Amino acid sequence: MTAPQKTRWQKIARRIRVPLGFAVAAVFLGFAAPSPRSLAWSLPLVLCGLWLRGYAAGYVKKNSELTQTGPYAYTRNPLYLGSMALAAGFAVAAGAISTARWWLMVLLVAMFLAIYLPTIFSEEAFLRTTFPDFDDYARHVPRLLPRLTPARSAASNQQAGRFAPKRYRHHREYNALIGAAAIYAALALRMALGHRL
């Protein structure tokens, strides 16, 4: 794939990631086989994903500052890492770890590779051209899987680095909590009706 093709796909991926997420959720609900056990096992992943997304949203100042504190001192993409935990949790809740529904997990991984990786690369290109200290930050903080200890830099020491509930509300991250509750309600209803939705 040439550079212009990559750029074109990155733009498309950024535009379709939310609608595609809803489409994948619909497929999950359509083929889900939840059980009390699968719902219980899914909760730690889902709660962790919600917490990480909410925590990150309270730190990030999109397009105006290269955030390097809070969860951004551990991973450059805590929001996407939180989304991955949510998706994995919902896959567990839907019964995707059973051998009969293994393809649901494959669908999740394929969606992440096709949509989120190009989006991350596109956002990094923007950050690299917008913030001169991005390359130094990227050298110390992993793209996705977090470090065990927070990275320290001159910029991170200068930032206030506090969680701001106002930013959480501004980014409307509470929608993730509402969406998660709706998915659990749909899965519980599907389970109550004997998977005949």
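Author: Begin with a term: a nonpolar core is a set of buried Ala, Val, Leu, Ile, Met, Phe, Trp, Tyr and Cys residues joined through side-chain atoms within 4.5 Å. Keep in mind that this is a predicted model.

Reader: Which residues have the most contacts inside the largest nonpolar core?

Author: In general, nonpolar side chains tend to be buried together in soluble globular proteins. Here the largest such core has 26 residues, and F28, V46, F90, Y116 and Y184 have the most contacts inside it. Two or more residues come from each of α1, α2, α3 (78-93), α4 (102-130) and α8 (174-192). The largest share is that of α4, with seven residues.

Reader: Which residues outside its sequence neighbourhood is V46 in contact with?

Author: Leaving aside neighbours within four places in sequence, V46 is in contact with A85, L86, G89, F90, A180 and Y184. There is also a second, separate core of 12 residues, which includes V60, F131, F134 and V141.

Reader: Is A32 buried or exposed?

Author: Buried means under 20% relative accessible area. A32 has 1%, so A32 is buried. Its place is in the loop between α1 (3-31) and α2 (36-57). The C-alpha atoms of A32 and A96 are separated by 7.5 Å, although these residues are 64 residues apart along the chain.

Reader: Over which residues does pLDDT stay under 50?

Author: pLDDT is the predictor's confidence in each residue. The chain has a mean of 83, and 84% of its residues reach 70 or more. Over residues 1-5 pLDDT stays under 50, and the model has one contact beyond four places in sequence for them.

Notes. Residues numbered from 1 in each chain as written. Predicted model: local features only at pLDDT ≥ 70, side-chain atom pairs only at ≥ 80, totals over all residues. Heavy atoms only, no water. Helix = DSSP H or I, 4+ residues; strand = E, 2+ residues; numbered from the N terminus. Buried < 20%, exposed > 50% of the residue type's maximum accessible area, 1.4 Å probe, protein only. Contact = heavy atoms within 4.5 Å. pLDDT = per-residue confidence, 0-100.
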